[in-house]
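Hi everyone, thanks for making the time. Let me put the model up on the screen, and then we can walk through a few of its features together.

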Amino acid sequence: MTNHVKTGLERFIKDPPSELNEARLGLLMNQASIDPQYRYACDRIAERFPGQLVALFSPQHGFWGEEQANMIESDHSLSGPLNIPVHSLYSETRRPTKEMLAEIDFLIVDLQDVGTRVYTFIWTLLECMKACAEHGVHVLVLDRPNPLGGEIAEGPMLQSEYVSFVGGAEIPLRHGLTIGEFAKWMNKSKSINAELTIVPMQGWNRSMFFQETNLPWAVPSPNMPRLETAIVYPGQVLLEGTNLSEGRGTTQPFELCGAPWLNAEEFCQEVSRIEHPGFVLRPIRFRPTFDKWKDQACEGVSIHVTDPQAARSVMLTVSIIEAACRLAPNDFQWLAPPYEYETVLPPIDILFGNSDLRTELKSAKRLDEPALNNLVELDTAAWWNSVSESLLY
């Protein structure tokens with residue numbers, strides 16, 4: 001593969017910073033941290049720096065992406081081939097401890113983010129930056145593409161009182177940043193002052209969706225199997241705060257949704273009363289094998305992405321929730337905490353970033369399109385202005 005975007009990993013292996021000579025290296029990664037030849041970042045770095053890679057760190061879902069979501073923790077382990085420890089940062093701790101960081105001089109980060117505030121990899125990075133700043137460890141981020149490109153942001157913004165591990169700072173649901181840009185922005189805007197180096201990509205531009213990079217897609221978490229999944233995820237993840245199935249337990253998580261108490265045709269018609277460019281919906285019936293409504297037949301909708309550039313999944317999912325709440329007011333429910341280590345606030349509030357969605361939909365009254373738009377409104381000019389000095393492309 002020659003005509004492809006060169007990731008930070010590739011550029012780092014080819015021309016690493018000279019200050020890494022003889023340094024002790026740690027690496028935050030998972031099984032999606034691969035090069036275009038499908039080789040793991042840990043193997044490439046161990047080969048390039050013999051004897052210097054002394055510790056691995058893993059995010060939510062574990063090093064191999066085996067574990068499901070929402071407080072299903074991963075154990076610390078040992079990397080068999082490399083015979084070095086794997087420290088889980090989704091365990092009894094979500095921040096590297098002083099003892100973990102005492103082993104290393106540099107923490108290298110190579111994670112495939114999916115461009116959504118709720119996806120916890122960026123918050124694991126943030127916790128790493130804070131810990132490394134405190135303990136004098138240099139952070140080196142190997143940049144990767146935002147699968148959703150870098151031109152579109154969708155709201156709402158997270159309000160400060162709803163900060164959690166699925167939203168550690170005031171950013172939109174769909175933020176439009178690469179993981180390297182996020183690190184640069186957080187380091188300055190939150191005054192973390194970590195010693196930070198970012199290895200940028202070569203050949204990526206902000207209009208690119210992942211399929212245009214000619215890079216291989218490796219599943220970054222168990223329920224993110226396809227690029228189409230990532231496209232619907234900024235909105236569909238909100239279903240985790242409801243008793244609607246978001247398709248976990250099927251082969252199309254987040255691309256299917258529904259419940260046993262819905263009528264598929266009626267539900268699809270109601271969601272489609274507002275135009276959703278870039279998507280086609282069809283009524284569907286499915287039976288999850290685990291998670292919500294396990295082994296029960298659910299009726300709902302199947303979401304097909306027809307135009308990634310036009311797709312705005314947050315508005316789509318707000319329409320889905322509004323329709324379900326209105327059509328089945330006695331069956332639809334907001335789930336109660338705990339959710340991602342938050343034990344007080346309703347899960348939907350920390351997912352959405354405020355309480356407006358929950359409070360506006362507390363009755364069975366139909367909301368018109370302007371009212372729904374008001375719920376998801378984002379001042380995009382202000383957002384891009386706030387991060388402009390951190391953009392790398």
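Helices here are DSSP runs of H or I with at least four residues, strands are E runs of at least two, and both are numbered from the N terminus. A word on the source: this is a predicted model, where local features need pLDDT of at least 70, side-chain atom pairs count only at pLDDT 80 or more, and totals for chains, interfaces and linings use all residues. Residues are numbered from 1 along each chain as its sequence is written, and side-chain values use heavy atoms, with hydrogens and water left out.

Let's stay with helix 5. How many of the residues of helix 5 are buried? Eight of the 11 in this helix, residues 179-189, are buried, where buried means under 20% relative accessible area, exposed over 50%, and partly exposed in between, with a 1.4 Å probe and protein chains only. The buried ones are I179, G180, E181, F182, A183, W185, M186 and N187. Their cover includes helix 4 (121-135), strand 6 (138-142), strand 9 (196-199) and helix 12 (380-387).

Take helix 4 from that list. Helix 4 and helix 5 pack at about 45 degrees, with their axes 10 Å apart; axes are lines fitted to C-alpha atoms, for helices over the stretch in contact, and angles run from 0 to 180 degrees between N-to-C directions. That angle is why helix 4 counts as oblique to helix 5: under 35 degrees is roughly parallel, over 145 roughly antiparallel, 65 to 115 roughly perpendicular, and the rest oblique. I122, W123, L125, L126 and M129 of helix 4 meet I179, F182, A183, M186 and N187 of helix 5, with contact meaning heavy atoms within 4.5 Å. By class, that contact has nine nonpolar, one polar and no charged residues. For the classes, Ala, Val, Leu, Ile, Met, Phe, Trp, Tyr, Cys and Pro are nonpolar, Asp, Glu, Lys and Arg are charged, and the others, Gly among them, are polar.

The axes of helix 6 (residues 227-236) and helix 8 (residues 313-327) come within 7 Å and cross at roughly 55 degrees, which makes helix 6 oblique to helix 8. Here I231, V232, P234, G235 and Q236 of helix 6 meet S313, V314, T317 and I320 of helix 8. This contact has five nonpolar, four polar and no charged residues.

On to the core. Which residues have the most contacts inside the largest nonpolar core? They are L107, W123 and I320, in a core of 97 residues. A nonpolar core is a set of buried Ala, Val, Leu, Ile, Met, Phe, Trp, Tyr and Cys residues joined through side-chain atoms within 4.5 Å. There is also a second, separate core of 23 residues, including F12, A23, C42 and V86.

Last, the backbone. Most residues other than glycine have a negative phi, and most peptide bonds are trans. N214, in the loop between strand 9 and helix 6, has a positive phi near 60 degrees, and N214 is partly exposed at 38% relative accessible area. E340, in the loop between helix 8 and helix 9, has phi near 45 degrees, yet E340 is buried at 4%. The G155 to P156 peptide bond is cis, with omega near 0 degrees, and P156 lies in strand 7 (residues 154-157). The bond from P337 to P338 is cis too, with omega near 10 degrees.
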